[in-house]
Amino acid sequence: MRQKFFHSLPGQGFTRFFGPAFHFLSLRVKQLVALGVSGFFIGAILPGCSPVYVLRAAYEEGKILWRREPISDFIQKPDVTEETQEKLRLVLSVRDYARDVLKFNVGGSYSSYSYVDRPDLTYIVLAAPETELKPYTWWFLIVGSVPYKGYFSKEDAQAEIERLKALDYDTNLRASAAFSTLGWFDDPLLAHLLRYDKVLLSEVVFHELFHNTLYLKGAGAFNESSANFVGHRAAIEFFRERFGDGSAEHQRALQLWNEEREFGSFIAEGVGTLRELYGRKIPTEDKLRLREEVFTRIKADWARRIADRPGHRFRGFSQQPLNNAILMHYSVYLQDLNLFESIYESCDRNLVKTIDSVRTAVAKGGEPFEAVRAWLEKSAQDHSTALR
């Protein structure tokens, strides 16, 4: 599951260099200075976002940028395994496909590699009220309200968890292997991602690159859900063109997308049941008791549904603890995936046309899911009129 570190690291990105090594070093220093100064400034003015928090983010992002080296150079090192070389070449091909075929705003992202010296890259905190399926949100200057907050320190993330628990929120803490700076900097491929197989790695890269292309301020669920759709569909088309319909890679890409949509629909059903419960005029104590029965039933239903599919991507759902924050995590990333698939079908299964249609639908503002539904309804009406 992709999880991003989307509180912005503001400042002017110095993303390319040409010329001698001294000029390269100068740009590196400027990157760190820009991150530090802008981090201090933003940290001083943002409500709920301390200077220490932003400066830590700036420091960690600075390390990532400092360690970047072109993939084309890194791949030539004698100690790089053949498997790693293959995955790195794949990332460059995915990047080219995103830029040349899908017309993404790629810039210099994923043309470089960066080593991270810890087992988990970032830690993502999510929260929700105990009797309401509404994500707790944090506000940041560039991206607006987001339903999660990322930390480079597990201790800092746990401190936020404890703060939210003291306020009677359900909480969820998850590790993340990828993030996007939304085009502010040329994001490198991080070492953590090389642990994924080729298909999942490609889907993650497409997902992250799409955030550089379309990102709506304050619309976290829409941004993640649309990027999930595009990431999967782009991977399916990429491997079909690269290896053919019957290839193992293409079939796995299709399987991952079908499982994501299936689980997204299942979660939506459970969320609907809980919303009905939380909307009832009964004592809070009864809601808390009854929700545990719903949680138990949801997990049992999912276990039965995939009993004969032990390799299902979301097979572990039935074994994990469940609360509103965990459900909100899934809901943010998997909301209305079939809506985007319907747009794809209406655009003759042309992904470039689909992305253009989604961008057109949300261009005028408003609630983005509603805007996309309105576009789809109008498209269906226009098609019906044309057939008369």
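This is a predicted model: local features need pLDDT of at least 70, side-chain atom pairs count only at pLDDT 80 or more; totals for chains, interfaces and linings use all residues.
Which helices and strands do the buried residues of H4 pack against?

**Entry 1: helix H4**

I looked up the partners and found that the buried residues of H4 pack against helix H3 (71-74), strand S2 (112-114), strand S8 (189-190), helix H6 (198-213) and helix H7 (220-243). I then listed the buried residues of H4 themselves: Gln 85, Lys 87, Leu 88, Leu 90, Val 91, Val 94, Arg 95, Tyr 97 and Ala 98. I also checked the length of H4, which covers residues 82-100. At 1.5 Å a residue its 19 residues should span 27 Å, and I find the end C-alpha atoms 27 Å apart, in agreement with that expectation.

**Entry 2: H7 against H8**

On the H7 side I noted Asn 228, Phe 229, His 232, Arg 233, Ala 235, Ile 236, Phe 239, Arg 240 and Phe 243 in the contact. H8 contributes Glu 249, His 250, Ala 253, Leu 254, Leu 256, Trp 257 and Glu 260. Sorted by class, this contact holds nine nonpolar, three polar and four charged residues.

**Entry 3: H8 against H9**

I then followed H8 (residues 248-278) to its packing with H9 (residues 284-305), where the angle is about 160 degrees and the axes lie 10 Å apart. H8 and H9 are therefore roughly antiparallel to each other. H8 passes H9 in a right-handed crossing. From H8, the contact draws on Glu 262, Phe 263, Phe 266, Glu 269, Gly 270, Thr 273, Leu 274, Leu 277 and Tyr 278. From H9, I listed Lys 287, Leu 290, Arg 291, Val 294, Phe 295, Arg 297, Ile 298, Asp 301, Trp 302 and Arg 305. I count the classes here as 10 nonpolar, two polar and seven charged.

**Entry 4: Arg 275**

The C-alpha atoms of Arg 275 and Glu 132 are separated by 7.2 Å, although the two residues are 143 residues apart along the chain. Leaving aside residues up to four places away in sequence, Arg 275 touches Leu 133 and Met 328.

Key. Residues are numbered from 1 along each chain as its sequence is written. Side-chain values use heavy atoms; hydrogens and water are left out. Axes are lines fitted to C-alpha atoms, for helices over the stretch in contact, and angles run from 0 to 180 degrees between N-to-C directions. Helices (H or I, at least four residues) and strands (E, at least two) are DSSP runs, numbered from the N terminus. Angles under 35 degrees count as roughly parallel, over 145 as roughly antiparallel, 65 to 115 as roughly perpendicular and the rest as oblique. A crossing is left-handed if the near helix is turned anticlockwise from the far one by less than a right angle, and right-handed if clockwise. Contact means heavy atoms within 4.5 Å. Ala, Val, Leu, Ile, Met, Phe, Trp, Tyr, Cys and Pro count as nonpolar, Asp, Glu, Lys and Arg as charged, and the others, Gly among them, as polar. The expected span of a helix is 1.5 Å times one less than its number of residues. Buried means under 20% relative accessible area, exposed over 50%, partly exposed in between (1.4 Å probe, protein chains only).
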